[in-house]
Amino acid sequence: MTENRADEGLVPYASLESRSQGRRFAEPGPGYRGEYERDRDRIVHCTAFRRLVYKTQVFVNHEGDLYRTRLTHSLEVAQIGRSVARRLRLNEPLSEAICLAHDLGHTPFGHAGQDALNACMRDFGGFEHNLQSLRVVDELEERYAEFPGLNLTFECREGILKHCSARNAATLGELGRRFLERRQPSLEAQIANVADEIAYNNHDVDDGVRAGLISVEELLTVPLCARHHAVVVSRFPNLPERRLVHEMIRRMINELVTDLIVSTQARLDEARPADAAEVRAAPAPLVGFSPDVAAEHQALKRFLMDHLYRHFRVLRMTRKASRVIRELFAAYFDDVRLLPVEHRDAALAGAERDGNSGKARAVADYIAGMTDRFAIVEHGRLFDPRLPVA
Ligand code: MG
């Protein structure tokens, strides 16, 4: 790719478009946009992105309209990622694109769905949601005449593949190599990873309090929350709880993002990478919190694990969700004729190519693409004789 104005003002170790490893299928330049802006736009226009609105973050979509979904989560992640990338003079559109795409491969029902589908796929290569996000943008989206998927840049695809098992990495060529050689992704991808954590830890506090699963008193056992709660209460002693909680959370996010920017800049000043290749060769990620803030953030994460994700009301939904996924998988795998024609054909083609693993992969693709409510309705159609079959 030729010199591009998109690189103006960026630090030399940013992901520069002029140094991009390009797209899998060569295309004419993006015209009025930069290459990474084109990636972002393709992601926003794709089907999997729209489905995120009906996929669970923690609370299943039908439990209430005010909770985060994967779509609003992805937007919050992108907002944080953009701020951090811009402040560090890194490539903001690339970080934004990675943030918006990072959950495209998520199953219905959040982590419960992912774990259940992974268990179903145990004998057929497993199911990893990061790898599935890559599969969505590389193969499953059907939108363009000249290539499958969205044909995103290498740098965007690299960022989307946040984790990957060594076994799967070995099949991915250049993209998988960093997992085998323990190298880092670009700084823009590293930002997206941390932005994801900041977003969900904080919005899960908000959603958890709103749902009545965690109380403000319980939150005061978390140092990060207690510190900001004390400041807000001393300045605004009579604030109603809803505003108090939001005021506390916004200050928590602000502290985390500020610390992330300052600590990352300090690490970059010390490491002085000459270019993005040196960032990738570094022994550890350069984007991160200071040790004290990292420990506090970790404590918040542990609190949420104990008090929210393992709350009996959440666990009950988790159990139901696993059952829906397991039973859908078993029914389709047992008889692919139950699948809609297009997916049945994909399963038959998969079986022809790779036997049961190919068939199972097509079934997993179909299930992973479902929204929460579609999976619930479809489960009823297959298992409840009182309901219509299609
Ligand atoms: Mg996420």
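**Figure 1. Arg272 in the loop between H13 and helix H14 of a predicted model.** Arg272 is found in the loop that joins H13 to helix H14 (276-281), where helices are DSSP runs of H or I with at least four residues, strands are runs of E with at least two, and both are numbered from the N terminus. Although Arg272 is not a glycine, its phi is positive, at about 40°. With a relative accessibility of 67%, Arg272 counts as exposed, a word that here means over 50% relative accessible area, whereas buried means under 20% and partly exposed lies in between (1.4 Å probe, protein chains only). Because this is a predicted model, local features need pLDDT of at least 70 and side-chain atom pairs count only at pLDDT 80 or more, while totals for chains, interfaces and linings use all residues. Residues are numbered from 1 along each chain as its sequence is written, and side-chain values use heavy atoms, with hydrogens and water left out.

**Figure 2. Phe109 in the loop between H4 and H5.** Phe109 is placed in the loop between H4 and H5, and it has a positive phi of about 65° although it is not a glycine. Is Phe109 buried or exposed? Phe109 is buried, since its relative accessible area is 4%.

Figure 3. Four residues coordinate the magnesium ion, namely His73 through NE2, His102 through NE2, Asp103 through OD and Asp196 through OD, at 2.1 to 2.7 Å. Donors are N, O and S atoms within 2.8 Å of the metal (3.2 Å for Na, K and Ca), and sites may look incomplete because water is not among the atoms. Along the chain, the donors of the magnesium ion follow the spacing H-x28-H-D-x92-D.

Figure 4. Leu187 lies in helix H10 and, at 1% relative accessibility, counts as buried. Leaving aside residues up to four places away in sequence, Leu187 touches Tyr13, Leu90, Leu268, Val279, Leu286 and Val287, where a contact means heavy atoms within 4.5 Å. The C-alpha atoms of Leu187 and Gly159 are separated by 9.3 Å, and these residues are 28 residues apart along the chain. Asn201 also has its place in helix H10, and it counts as buried at 0% relative accessibility. Which residues does Asn201 touch, not counting residues up to four places away in sequence? The residues touched by Asn201 are His297, Leu300, Lys301 and Leu304.

**Figure 5. Thr264 in helix H13.** Thr264 lies in helix H13 (residues 241-271) and is buried, with a relative accessible area of 0%. When residues up to four places away in sequence are not counted, Thr264 touches Leu88, Asp259, Leu286, Val287 and Gly288. Leu286 and Val287 are also among the residues that Leu187 touches.

**Figure 6. Val377 and Leu348, two partly exposed residues.** Val377 lies in helix H18 (residues 372-383) and counts as partly exposed at 43% relative accessibility. Leu348 has its place in helix H17 (residues 341-369), and with a relative accessible area of 44% it is partly exposed. Between the C-alpha atoms of Leu348 and Leu90, which are 258 residues apart along the chain, the separation is 45 Å.

**Figure 7. The setting of the close-up views in the whole protein.** The protein has 18 helices and 0 strands. Its radius of gyration is 22 Å, close to the 21 Å that the globule rule gives for 390 residues, so the protein is as compact as a globular protein of that length; the radius is taken over C-alpha atoms, and the rule is 2.2 Å times the number of residues to the power 0.38. Buried residues make up 54% of the 390 residues. Among contacts between residues at least 6 apart in sequence, 70% join residues at least 24 apart.
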